[in-house]
Amino acid sequence: MTDRPTDSDLTAFLEAVSGVKPIKQDKIQLKPRASKPKTPKVDIQRNQAQAEFFFSDQFQAHFPDEGPLRWRREDVDSHRLKQLRRGDFQPALLLDLHGLTRENAKREIAALLLAARKQQAECVSIMHGFGTHTLKQAVPNWLVQHPLVQALHQAPLEWGAKRPFWYY
């Protein structure tokens, strides 16, 4: 048997399909795919610059001397801070800053806060290393400067020994 059809095979096929009418497709309307708009690199750099603007290394917030680290904006109900302390909110996003420099940590926190706003996340968790305590001291001071942060509290013990900060 050969792989190529013979003349008689072709004639037989044409006779078999001679009365066939093409089917008109009238049930599904196909739409061309919309191309995803590309974000120009300039917009990304501008967003990063705006986000990092909120974090000054010179600012020192006042936190309570006793008890866990906590803070809330004046316009936020104190009950929200209690809810954070009790762990009533589950963090929707987690950020681990272990091994990052101060500048990289600022960028990551800025990106986290923008992502939280886009995803309408009420609570996020930020973990930092112990090391030289550089980020442990800087992160809360940066967070209180950002307009999206309403309150922060050290996470409950069940979140582990690293005790991440939460923001609501």
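Leaving aside neighbours within four places in sequence, Gln83 is in contact (heavy atoms within 4.5 Å) with Asp88 and Phe89. Gln83 lies in helix H3, where helices (H or I, at least four residues) and strands (E, at least two) are DSSP runs numbered from the N terminus. At 14% relative accessibility, Gln83 counts as buried; the term means under 20% relative accessible area, with exposed meaning over 50% and partly exposed in between, for a 1.4 Å probe and protein chains only. This is a predicted model, in which local features need pLDDT of at least 70 and side-chain atom pairs count only at pLDDT 80 or more, while totals for chains, interfaces and linings use all residues. Residues are numbered from 1 along each chain as its sequence is written, and side-chain values use heavy atoms, with hydrogens and water left out.

Helix H3 covers residues 78–86, and its buried residues are Leu81, Gln83 and Leu84. Seen down the axis of H3, these buried residues fall within an arc of 160 degrees, so they line one face of the helix; the arc is that of the directions from the helix axis to the C-beta atoms. Just after H3 comes Gly87, with a positive phi of about 80 degrees.

The chain as a whole has five helices and five strands. Their order along the sequence is α-α-β-α-β-α-β-α-β-β. Of the 168 residues, 30% count as buried. Among contacts between residues at least 6 apart in sequence, 70% join residues at least 24 apart.

S2 runs parallel to strand S3 (residues 124–127), and four bridges join the two; strands pair if DSSP finds at least two bridges between them. Within this pair, Leu95 stands opposite Ile126 in S3. From S2 the chain crosses through helix H4 (residues 102–118) to S3, and this β-α-β crossover is right-handed. The term applies if, with the strands pointing away from the viewer, the path from the first strand over the helix to the second runs clockwise.

Buried in H4 are Ala105, Lys106, Ile109, Ala110, Leu112, Leu113 and Ala116. Viewed down the axis of H4, the buried residues fall within an arc of 160 degrees, so they line one face of the helix. An α-helix has 3.6 residues a turn, so residues three or four places apart point the same way. H4 is followed by Gln120, which lies in the loop between H4 and S3. Phi of Gln120 is near 55 degrees, a positive value in a residue other than glycine. Most residues other than glycine have a negative phi. At 70% relative accessibility, Gln120 counts as exposed.

A nonpolar core is a set of buried Ala, Val, Leu, Ile, Met, Phe, Trp, Tyr and Cys residues joined through side-chain atoms within 4.5 Å. The largest one has 25 residues, of which Leu97, Ile109, Ile126, Val139, Trp142 and Leu143 touch the most other members. S2, H4, S3 and helix H5 (134–143) each supply at least two residues of this core, and the largest share, six residues, comes from H4. Not counting residues up to four places away in sequence, Trp142 touches Phe55, Ser56, Asp57, Arg102, Ala105, Lys106, Ile109 and Leu135. A second, separate core of five residues includes Leu81, Leu84, Phe89 and Cys123.

Gln58 sits in the loop between helix H2 (41–52) and strand S1 (70–72). The C-alpha atoms of Gln58 and Trp142 are separated by 9.7 Å, though the two residues are 84 apart along the chain. Gln58 counts as exposed, at 71% relative accessibility.

S1 runs antiparallel to S4, and three bridges join them. Arg70 stands opposite His153 in S4. In strand S4 (residues 151–154), Ala151 and His153 point one way and Leu152 and Gln154 the other way, and all are buried.
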